[in-house]
Amino acid sequence: MGTSTRSSIPRRTALKYGATTTAAAAAAAGLAACGGSGGSGQTEVRMWSWYNEQEEVLPRVIAEFEEKNPSITVTNRLFGSPDQYLPALQAAVSGGDLPEIFAPHTRALEYGRNGISLDIKSALGADFTDQFFDSANDQYTLDGAQYGIGWMAQTFGVFYAPEMLEAAGVDGEPETWDDLIAAAELLRDAGTAPLAASFNPGTSGLDFFLPLITQVTDDPTWYLGLDQGEEGYEYTSPEVVEALELFEKIVQGQVFQDGAGATQGPEATQMFYTGRSAMLFSGSWTPQGLGQDADPEFVESYRVMRTPAISSGQRHWTANQAGAGWAVTSEERNQDATLEFLQFLYSDEQYSTLMNESDSMPATKAAAETIENPIMKQMTSWLLDGDGCPHIPFGPGSSEAGGPLSNILDGSGTPEQVAQEMQDAVENARGSSS
């Protein structure tokens, strides 16, 4: 997750931790917490995450809240990466001393199921949760309860260098995958890689592949059923096979750079801003990273377009969920103060300013209307248009589905074979976590 290249790598590294839960974590829901209250009648609200994008601006908001609420102290603890954060979070869960507000990572629904985290929709009402994008709410919702809220949305698109497309004879932005395949041939003839993309680790490939399932079904809720292992949803289902056939078509159309299966995010981004590829498939943290790493002239000239549609006139479904979010402990002791701070944090004047000042993509519709960065504003508009769809595996074992995609990339497996391999990988992961 994240709004910068720095943050996107750890999110993917940490997905491997999302498939399992210790028995102690489930039992810890009933343990009495031993921390969270300050001295002299103070109530302490602790926040834990690795979200460093707002490191410089969030303290101002906390200070304003504490000034208005002198009996409440907010302590924001930042970890360096998910690799450092997740073991600490699991230890806190097991020990029954979970921070009042925490980044749930891919375990949001798992913690909700086990009574560890609060149903925020029930606690604050639909008026509060309805302000978020549907795609962000959906990822945290199970059986009508919502166990998290979005902090930073995360959208994907195709970044491109207009002069390179024009020089190769590409006429405008490709609307469909067929258009992109045709453009790729022109770009390769011109001596450049068409579209740089990251498929290493395999979970990065899910950012690209899972929206293809939504394109095939035209239903952004279909993958949610697959992710949670609901009856009637399997990776061998015709919908997934059809999406794999589309993926195979894109691969065989030589849309991606050579060696895409071994390419990690920073390498793909570097290919783009150094002119070795004309386009880049990446997320909404990219403008921040390019602003830091690319030449100013390049930063002024690049553009972004929607992910191509399955056919002309169809919706341009784009990968979107909250790459960062918050959950609230179900422990009642400091709950009133916690919810008071959460509402303050998401008030229009606070949240919009935080997102703009940190060049982050907001998860609420109102804040999306105030985006100032032109590229970020354009990408956010796709969410306002309702084009967002799932791409983050939250279900038990779901992240293991990304590995078999490599067999499409290297041509060693048919869509039907890869679908079965995905099903087997996920079932094995679910079995090992039971």
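Buried means under 20% relative accessible area, exposed over 50%, and partly exposed in between, with a 1.4 Å probe and protein chains only. Helices (H or I, at least four residues) and strands (E, at least two) are DSSP runs, numbered from the N terminus.

## Basis

This is a predicted model, in which local features need pLDDT of at least 70, side-chain atom pairs count only at pLDDT 80 or more, and totals for chains, interfaces and linings use all residues. Residues are numbered from 1 along each chain as its sequence is written, and side-chain values use heavy atoms, leaving out hydrogens and water.

## Helix α17

Helix α17 covers residues 335-345 and is mostly covered, with eight of its eleven residues buried. The buried residues are Gln335, Ala337, Thr338, Leu339, Phe341, Leu342, Phe344 and Leu345.

## Helix α13

Helix α13 (residues 238-252) has 15 residues. Its first and last C-alpha atoms are 21 Å apart, close to the 21 Å expected at 1.5 Å a residue; the expected span is 1.5 Å times one less than the number of residues.

Buried in α13 are Val240, Val241, Ala243, Leu244, Leu246, Phe247, Ile250 and Val251. After α13 comes glutamine 254, with a positive phi near 55°.

## Asparagine 52

Asparagine 52 lies in the loop between β1 (43-49) and α3 (58-68). Asparagine 52 counts as buried because its relative accessibility is 15%. Its C-alpha atom is separated by 9.1 Å from that of serine 81, 29 residues apart along the chain.

## Aspartate 127

Aspartate 127 belongs to helix α7 (residues 126-129). Its relative accessibility is 75%, so aspartate 127 counts as exposed.
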